[in-house]
Amino acid sequence: MTAEASHTPWYREVSGRQWKSLFAAWIGYLLDGFDFVLITLVLTEIADEFDLGTASAASLVSGAFITRWLGGALLGAMGDRYGRKPAMIASILLYSLGTFACGFAWNYFSLFSARLLIGMGMAGEYSASATYALESWPAGLRNRASGFLISGYAGGTIIASELYKWVVPHWGWRWMFYIGVLPVFVALWVRRALPEAGDWRAEVAASGAARPNPFRPLFTGRRGYLNAALAVAASAALFCVFTPLGEGWRWPLSLPAAGALLAFAAQLGGRRGWLLYVALMCTVFCAFLYSWPIQALLPTYLKTELGYAPSEVTDAMFYAGFGTMAGCWLAGFAGDRIGTRRAYAYTLLASLCFVFPVFAVRDTLVGLGVLLFCLLALSQGISGILPKYIAGHFPTENRAASLGFVYNTGALGGAVAPVLGARLAEGMPLGQALAVLTSGLTLVVIVLVGADVPRRLGRLVDPGLTGDQLLRERPLAADTPG
């Protein structure tokens, strides 16, 4: 490398087409964040209209996580077989229409059912957009691409928070969901304007080989019928676990559902990869358990325990959302500078300094906002490089399906988190419950990621398991002719 090349600014290594690819995926994430966070903002209004307790209302947040494992798997497989772009479009359509349907809900179960559709779309958005953006950028800048991409989700939460203070007091909570149909138009633009991801085009579409079918191990022969029955049973069990239908039977239903999902992971991973799949799922599960109690119940905490008005909730959520966005950017640069795992572990360790102070401040909105900014920048912002961390474990031909299944099955931690937080709040203040969950599970994730536990476990059954596979991709793949 010449001296001149070594001093080239990093952003000049990214072509115009690669910036366009990232921007399109970022817009999808922004709309995803907008649609998903709406339920957390209007949870108290919905609880009042449908006469729900805190735990039942919190389960509406959980609803979108129940179908994520299925949506991530199906839309991820679609991305591996037919391209990242069609999967992105399908996911945007799903979560947009699901959000629109929420505005017409007439009771708890109709709203919960609409949330299931949002979950499938959101899962597909994660796997398709993440693989699309990562495979379109230079190899040495893919932590940055990941961080920039996920920051779009935080941008969506900021926009939703700003709309909340104008829309809900004047027109009611349902109008927040009617607005959610707007991403359909983005999906149409994406279909017309974007090139396909470079790595997928070069390694799958142009290879001349048969298109990959990531679910062939699950649905061939007699095993296919058994796995189809398991998928239906797992979905039904999860539905009952997170709704009043499963009252008194949650543990008996949770265990077979978890067993079915672990069986799918073992089959998808195969003899050599099953332990890696399971370990990554557990890591993501713990990551959601530390992050989602605050993400899901912060507006409820601000309104119920601190007595904030809608405009004050909006201000606090602005600090939190912008902190997450800035943290995603920081995570991307840190990941490329010191490595993905180190950046993840060090940043989470620093976030522990802010957890309990956030819930100790009660009388100053500015002070609370500053602390929320710092906490969310370090704890939620680092999730900006989670797609890069997970995707680096898988090759191009099955990356979208593996990322989609592993991440979105682990994301069931996001279904457990708000309900667990609400249950803990029955015996202690809600703020204290959120602080305990966040700090405890953050420590677990620091150990899992920092010590590279998933890859170490994977090597017990596959000694040839290699390092980060994204670092060996073509750096300028997105510029190959399409």
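**Exercise 1.** Which residues does Trp-292 touch, not counting residues up to four places away in sequence?

*Solution.* Start with the model: it is predicted, local features need pLDDT of at least 70, side-chain atom pairs count only at pLDDT 80 or more, and totals for chains, interfaces and linings use all residues. Residues are numbered from 1 along each chain as its sequence is written, and side-chain values use heavy atoms, with hydrogens and water left out. Next, look for contacts, meaning heavy atoms within 4.5 Å. Trp-292 touches Phe-36, Val-61, Phe-65, Tyr-153, Leu-297, Gly-414 and Ala-417.

**Exercise 2.** Find how helices H3 and H4 pack.

*Solution.* First, locate H3 at residues 43-50 and H4 at residues 54-66; helices are DSSP runs of H or I with at least four residues. Second, take the axes, lines fitted to C-alpha atoms over the stretch in contact, with angles from 0 to 180 degrees between N-to-C directions. The angle is about 120° and the axes lie 9 Å apart. Third, classify: under 35 degrees is roughly parallel, over 145 roughly antiparallel, 65 to 115 roughly perpendicular and the rest oblique. H3 and H4 are therefore oblique to each other. Finally, list the partners: Leu-43, Ile-46 and Ala-47 of H3 meet Ala-57, Ala-58, Leu-60 and Val-61 of H4.

**Exercise 3.** Place Gly-269 in the fold.

*Solution.* Begin with its element: Gly-269 sits in helix H13. Then check its contacts: leaving aside neighbours within four places in sequence, Gly-269 meets Trp-274 and Tyr-277. Last, compare positions: Ser-402 is 133 residues away along the chain, yet the two C-alpha atoms are separated by 8.5 Å.

Technical notes. Helices (H or I, at least four residues) and strands (E, at least two) are DSSP runs, numbered from the N terminus.
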